[in-house]
Amino acid sequence: VTITTRLLVSHLSGIRHYEKDIAKVKEEKEKANKALKLIKSHQDKEQKEKEGKGIEKADCVKQKKEHDSETKSRHSKAGRIDKEFLQEEYYLKEKFESVIESLKIFKNDPLIFKPGSQFLYSTYGFTLLSAVVERASGQKFTDYMLEMFRDLDMLSTVLDDNEAMIYNRARCYIYNKKGRLVNAPYVDNSYKWAGGGFLSSVGDLLKFGNALLYSYQAGQFKTRNGKLLPGYLKPGTVAMMWTPVPKTEVSWDRDGKYAMGWAVVEKNQQHGCCRQQRHYASHTGGAVGASSVLLILPEELEPAALAAGPSAPPRGVIVTIICNMQSVSLNSTALKIAREFEKEKRAQ
């Protein structure tokens, strides 16, 4: 088989996640697909019934409650035991000196499916991706990333190294089997730097989000103002990263698709005065004792506004939440916050 970097970054490689048993993985995927089909068929049935009866709400106020897909996500509510965190490989204590060395954990394991045929979220896919970066750049992956964080002015973003003295490092917590809050167990994340091995701050993640949003929008403004500095990435690169990839899915928002390292929801509204989908990109994070989300809601730039010469990018709302608690669902909260800020800005 051939596994490309694009397949790795979109979780279509077939490389396993933490669960080693192929039969269990396939069974879980089948259950999830059946549940999704049932939800979809129920929604379609409701919609057809409404259209058939010609129901129309005169005041356009009574809308469907925004469904919270995170209740079905891989992150369960705080205080409950998340099945995913029962996997023993979350709790590895072995120190790996390089990302190449950490490949030994999964390199001899069979693929779950033929690359490109199905979606399976895989931390180890990103471990392999970090090895590709290391070989392509000619330097250690960790050094390469720390240089990039410096360029982005993310000076509080560092490796989650247990031995290092890290200023303001937070203590992490989990709920035990009795539902009591306890300290998270010791783990060594050197086996997965690219898939959950960095510590950061809210301020640094906001800088990261703004740098991406600026890069994404800079091309649209440049036609009017040649004085703009270029973005950290080319506009086309970010657009490609935020383009949904076929055959993918997103556990924390079923309206979304996975793109390249990001989950993306596209703009969509099928009926007047009904539920709207706004275009946004986000990603959640889950580790032993911690949860996080970074959400980018770009402003919808109208041609007329661009022609009038609006203020420079980035234009939109960035929301990030970092929580030193395991298995906390954060994406829908971040989206609600972003939309409130957007609503407030429109009202001004």
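## Close-up views of the predicted model

**View A. Exposed Arg150 and Asp151 sit on the face of H5 that is turned away from its buried side.** This is a predicted model, in which local features need pLDDT of at least 70, side-chain atom pairs count only at pLDDT 80 or more, and totals for chains, interfaces and linings use all residues. Residues are numbered from 1 along each chain as its sequence is written, and side-chain values use heavy atoms, with hydrogens and water left out. Exposed means over 50% relative accessible area, buried under 20%, and partly exposed in between (1.4 Å probe, protein chains only). Helices (H or I, at least four residues) and strands (E, at least two) are DSSP runs, numbered from the N terminus. Phe141, Thr142, Met145 and Phe149 are the buried residues of H5. They lie on the same side of H5, because they cover an arc of only 95 degrees around the axis. That arc is taken from the directions that run from the helix axis to the C-beta atoms. The cover over this buried side includes H3, H4, S1 and S4. Just after H5, Asp153 has a positive phi of about 65 degrees.

**View B. Helix H4 (123–137).** H4 has 15 residues. From first C-alpha to last it reaches 21 Å, close to the 21 Å expected at 1.5 Å a residue. The expected span is 1.5 Å times one less than the number of residues. Buried residues of H4 include Tyr124, Phe126, Leu129 and Glu134. H1, helix H3 (99–102) and H5 are among the elements that cover them. At the start of H4, a side-chain oxygen of Ser122 comes to within 3.4 Å of the backbone nitrogen of Tyr124. Gly138 follows H4 and has a positive phi, near 75 degrees.

**View C. The largest nonpolar core, with its 41 residues.** A nonpolar core is a set of buried Ala, Val, Leu, Ile, Met, Phe, Trp, Tyr and Cys residues joined through side-chain atoms within 4.5 Å. In soluble globular proteins, nonpolar side chains tend to be buried together. Here, Tyr124, Leu212, Trp242, Trp262 and Ile296 touch the most other members. Elements giving two or more residues include helix H1 (5–9), helix H6 (202–222) and strand S8 (290–298). H4 supplies the largest share, four residues. At least three residues come from each of domain 1 (1–34 + 81–166 + 186–199) and domain 2 (201–347). These bounds come from an automatic or database domain assignment. Leaving aside residues up to four places away in sequence, Tyr124 touches Ile15, Arg16, His17, Tyr18, Glu89, Ile105, Phe106 and Tyr191. Contact means heavy atoms within 4.5 Å. Another core, of 14 residues, lies apart; Leu295, Leu297, Val319 and Val328 are among its members.

**View D. Helix H9 (residues 331–347).** The 17 residues of H9 should span 24 Å at 1.5 Å a residue, and the end C-alpha atoms are 24 Å apart, which agrees. Asn331, Ser332, Ala334, Leu335, Ala338 and Glu342 are buried. They fall on the same side of H9, because their arc around the axis is only 155 degrees. Strand S7 (280–287), S8 and strand S9 (316–323) are among the elements that cover them. The face of H9 turned away from its buried side carries exposed Phe341, Lys343 and Ala347.

**View E. Asp160 and Asn189, joined through their side chains by a polar contact of 3.1 Å.** A polar contact is a pair of N or O atoms within 3.5 Å; within protein, one must be able to donate a hydrogen and the other to accept it, and residues adjacent in sequence count only if both atoms are side-chain atoms. Asp160 is in the loop between strand S1 (158–159) and strand S2 (173–175). Asn189 is in the loop between S3 and S4. The two are 29 residues apart in sequence and 6.8 Å apart in space, C-alpha to C-alpha. Asp160 has a relative accessible area of 17%, so Asp160 counts as buried. Asn189 is buried too, at 6%. Beyond four places away in sequence, Asp160 touches residues including Arg169, Trp193 and Phe198. On the same terms, Asn189 touches Asp160, Gly196 and Gly197.

**View F. Pro185, in the loop between strand S3 (181–183) and strand S4 (198–199).** Pro185 has a relative accessible area of 35%, so Pro185 is partly exposed. Residues up to four places away in sequence aside, Pro185 touches Tyr91, Ile174 and Val288. Cys172 is 13 residues from Pro185 along the chain, with 8.7 Å between their C-alpha atoms.
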